Amino acid sequence: MTKGLYLHIPFCKMKCSYCDFPSTDTWDEELLSAYVKALISDLRASLLAWDKYTIYLGGGTPSILTSALLEELLSVLKELLPDPIEFTIEANPESLTKEKLEIMVQAGVTRVSLGIQSFNDRFLAVLGRIHTGEGAREKAKTAREYFDNLSLDLIFGIPGQTPEELERDLEEALSLEPSHLSAYSLTLEAKTPLARQVEGGNLTLPREEEWLEMFHLIPEKLAERGLERYEISNFSLPGKECLHNLVYWENGEYLGIGASAVSHLEGRRLFREKDPLAYIQRVFQGISPVVDEETLSPWHKVLETAIVGLRTTRGIDPEAIEKRWDAEVSKLKTILEDLEAQGLLERVNNRWRIPERLLPVANDIMVRILEA
Ligand code: SF4
């Protein structure tokens, strides 16, 4: 099976209003430099001998690294892991430059994922993004000159957004000819500035009917340009699915390097120190950055594989899960059959999946599996 290496850059220029990801806007160049050195040191100490692997540099905002730091990190990756089957870097429009794109190409990066979220300045302001629609358009065009394999991220269900406005965002995105598009529904995370504004009545989320219209509009529009859904929120041209994310959705093995990164290796989950400064200190002092770990029980492995697999349109095959984990799956089969009898799952060629019409309530179906 393909393995995944994830490297986390937990820094952003400014915190977006909806964000509860592990990232901070408190940093300076000295901290960035120390962090990259710690990341490299952690990577060298943790590296595993893998034949087939992907690399994903995510954040935060990886493109916030200066060109020199990006080059330093990518040259070490090229030395240690020269043959990834896919190498993705996440970038944001405000910090992506031609120079950085050039460095990425030279280092063997194969794919860029650009955080656009919307081309509409009104919604970008609501989301607290610091780029403009014009800036996003321009950087996406530039990125496309360097990478055929370009993924764009959009958010829908933004306060005040109508299906027509989402349609315009989708059309703009498609005009940039991405090979992949992620369209995430806005989630109001507790205690974020955006959640407080909605709770305080200053902003209003789209009504449920509007949200549903948007949810169904996305695959319809994207299919016009050949992008097909392969996961609830992810669409691609044939053969351009994100291989790294497929590792997660197959509950495969991955090594996470960096502050707050999580690894899944040999039936265990390892959690690295969350605070970037404390992470750097641990690495420099020769103390393991892994601060917590859990060993997954056979049932836990089966359940997790089923839950993440049901996010994909391919669905899951309990027999394959049984073989892979050498674990009993009769309980899982009973749960799946019950849900199938209730019309909440469908079985196609011995694979269970969530019917497309029920994808808007996929989370509720997964909760039922978890609670069964
Ligand atoms: S760019 Fe991404 S990680 Fe950074 S603050 Fe915004 S949403 Fe969070």
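**Around S17**

Modeller: Leaving aside neighbours within four places in sequence, S17 touches V126, L127, G128, T192, P193 and L194, where contact means heavy atoms within 4.5 Å. This is a predicted model, so local features need pLDDT of at least 70 and side-chain atom pairs count only at pLDDT 80 or more, while totals for chains, interfaces and linings use all residues. Residues are numbered from 1 along each chain as its sequence is written, and side-chain values use heavy atoms, with hydrogens and water left out.

Colleague: Where is S17, then?

Modeller: S17 is in the loop between strand 1 and helix 1. Helices (H or I, at least four residues) and strands (E, at least two) are DSSP runs, numbered from the N terminus.

Colleague: Is S17 buried or exposed?

Modeller: S17 counts as buried because its relative accessibility is 9%. Buried means under 20% relative accessible area, exposed over 50%, partly exposed in between (1.4 Å probe, protein chains only).

Colleague: New topic: which residues surround the ligand?

Modeller: Among them are C12, K15, Y18, T61 and R129, each with a heavy atom within 4 Å of the ligand.

Colleague: And what does helix 1 pack its buried residues against?

Modeller: They pack against strand 1 (3–9), helix 2, strand 9 (254–257), strand 11 (268–272) and helix 10 (276–284). The buried residues of helix 1 include L31, Y35 and D42.
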